[in-house]
Amino acid sequence: GALLVNERIDREELCGALSPCSLSFEIVVENPLELYSGTVEIQDINDNDPVFPSSQARLEISESVAAGARFPLESAQDPDVGINSLQTYQLSANPNFALDVQTRVDGSKYAELVLEKELDREEQRELNLVLTALDGGSPPRSAHLQIHIDVIDANDNAPVFNQSTYKASVRENTPSGTLVARISAYDLDDGPNGDIVYSFSSHTPAKVRELFALDSATGELRVKGQLDYEETKLYEIYLQAKDKGAVPGVAHCKVLVEVVDVNDNAPEVTVTSVYSPVPEDAAPGTVVALLSVTDLDSHDNGLVSDVNDNAPKASQDSYDVYIPENNMPGIPILNVSATDPDLGRNAHLSYTLLQGDTTFGHLFSINQDNGTLYLLTSLDHEDQVEFSMMVQVQDGGLPPLATNVSVSVFVTDLNDNAPTVLYPHPNTTATYTDVVAPGTPAGHMVTKVVAVDADAGYNAWISYTLLQATDPSLFSVGLHNGEIFTARQLREDDAPEHTLVILLKDHGEPVLSTSATVSISVAEMVKEVLTDLTDVAPANDPRRHVTFYLILAVILVSAAFFITMLSVGIFKCYKWRQSKELCNSSRSTTYRTPGPFQHIDAVRGGFTPPSFYHQVYLTTDSRQSDLLCKKPFTSSPLGSRQGTIRNGEPGLYHQIVGTASRLPTPAE
């Protein structure tokens, strides 16, 4: 009597949506014969997924739709029943829509989109949402629907200009068609709602429409008529941009067009007669007429032209600039200021640094337009304290006029150098030991620490302090002079060797310091100290070679000088003997016309000054010959008198010749 399932049972095929789902049957029992009625209820299991009619849904929603609007969505179907049937819907997260799930009379579920935040097509043109249908099974089964929403544009944006006011300038003689300005507006809407048309505003004067033309598509404002500065100097043009929507949006702007004057008007001279006709006895200075000159042009075009008759004038003739050393490179240190009362180009000033020293070009630079002087590198007070230069201020006239301004840059000192010890030398391998005799009384100066500081002023003041000593009670150091004294009398039990460490500090801010080590031996004689130092090898001193070469150079120069002076003396003696032999030559020879003349250099002989150069021509018997003198090559009073003698009367000439019958000896 077992009841068995003969084949797989599908509740949805047998009963569909009917619930409960049951099958009735009858059972015949024999012996005894009996008839029984039976019913089998087919229970549902969650074996079916919810299904949407399509996988995608497309909606078109205008951006002008108000919040609260509802949009029904397609429902999903689930053949299961009861708890396994479709139970709810879910919507993906988004800022604009919410989901409202409703229940029909038959218990089925459906969903609607509710607009919570108005759409803006200019912000987001489309939205993509996902609707999920869920049944009540465990685990639940689901289905998904892709919802694509197109945001339809509405003319909700008016055109906007990129600036409310445009400015332009144009010369009054500008030809027609010249571009003055280009206005630009944008509209966030699409299609006709975003197409912009440019035009003049309704209250634009007719005169402006005659002088200017506006391109409705590009927004280009161009010259249309003839402009005249003397008539109107500034035009205020109002323009508008309008879209092509059903209810068009409008934006407004204005363009300020400045007309630039050109020199298109000649000066006009008006003569007003005061006294006409003028009588012939009118006194000088009588006013005859009044003249007035006018020019309709503006500024320089309407003045009597300027002449570059004024040189630039500096606010100061000289500048003193104080710069701390170790400065930052590239900093401005001075602004040279000058003015020029001329006009236009004649008043345009340029600044130039006159570099007397070629190194200044690497240190200083000046801006040609505003006269700002820059320091290009870092300065060192210990290298150079002062820099003097000249700045030339020149105008742009023809010819240009210039003024020179003196600039002195002083480098102030900073405490950037520590004291340097000169004695005892800190960087030598040799040992310097000072000696003091036993029993030396207190106050005896043993040695002195010598130091320098490359800084200046208060930064270079050095103070000396005893930092460390073998016996601190035995020696003291002078605070300002570095002299080391015995603080007490030396005793026999004092150590034979003493090492002192002296601290040297300057007075700058911050304080810089260094130290010096001094060795002092207590001994009766210097020989004892030298005996202790015999093991110390002397350092090679490269300066001894320099000394040798210096001595050799002095010897060579002295020898060359001695040889030169000896040669000059021999030559002088030779010339003197030659002149003496010439004077002692034959005297009996009769006077004859001189043959080949012998030349005596009187200048080198010491008889006449160097500015008076002459030549003496003698015969073989010079004591009885005529003395003939040539004119000097250089003009002098004595030379002019010689010329007079030579070119004068014959009698006077012979008389002088007769008195000069003997040549003076060198001794005379």
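## Salt bridges: the term

A salt bridge is counted here when a side-chain nitrogen of Lys or Arg lies within 4 Å of a carboxyl oxygen of Asp or Glu. Side chains of opposite charge can pair when their charged atoms come close.

## Basis of the report

The model is predicted, so local features need pLDDT of at least 70 and side-chain atom pairs count only at pLDDT 80 or more, while totals for chains, interfaces and linings use all residues. Residues are numbered from 1 along each chain as its sequence is written, and side-chain values use heavy atoms, with hydrogens and water left out.

## The chain as a whole

The chain has eight helices and 40 strands. These are DSSP runs numbered from the N terminus: helices are H or I with at least four residues, and strands are E with at least two. Of the 668 residues in the chain, 31% are buried. Buried means under 20% relative accessible area, exposed means over 50%, and partly exposed is in between (1.4 Å probe, protein chains only).

Among contacts with a separation of 6 or more, 63% are between residues 24 or more positions apart. A contact means heavy atoms within 4.5 Å.

## Salt bridges in the structure

The whole structure holds 14 salt bridges. One of them joins the side chains of Arg70 and Glu112, at 2.9 Å from N to O. Arg70 is in strand β4 (residues 70–72) and Glu112 is in strand β7 (residues 109–115), so the pair ties together parts that are 42 residues apart in sequence. Arg70 is partly exposed at 44% relative accessibility, whereas Glu112 is buried at 15%.

Arg125 and Asp190 also form a salt bridge, with their closest N and O atoms 2.3 Å apart. Arg125 sits in the loop between β7 and β8 (126–135), and Asp190 in the loop between β13 (185–186) and β14 (196–200); the pair therefore ties together parts that are 65 residues apart in sequence. Arg125 is partly exposed, at 47%, and Asp190 is partly exposed, at 22%.

In the salt bridge between Asp493 and Arg491, the closest N and O atoms are 3.4 Å apart. Asp493 is exposed, with 63% relative accessibility, while Arg491 is partly exposed, with 46%. Elsewhere, a network of salt bridges links Arg11, Glu12 and Asp44.

## The annotated span

An unreviewed UniProt entry lists residues 548–571 as "transmembrane region". UniProt positions follow the numbering used here, feature names are shortened, and annotations may be inferred rather than shown by experiment. In the model, residues 548–571 are 100% helix and 0% strand, and the end C-alpha atoms of the span lie 35 Å apart.
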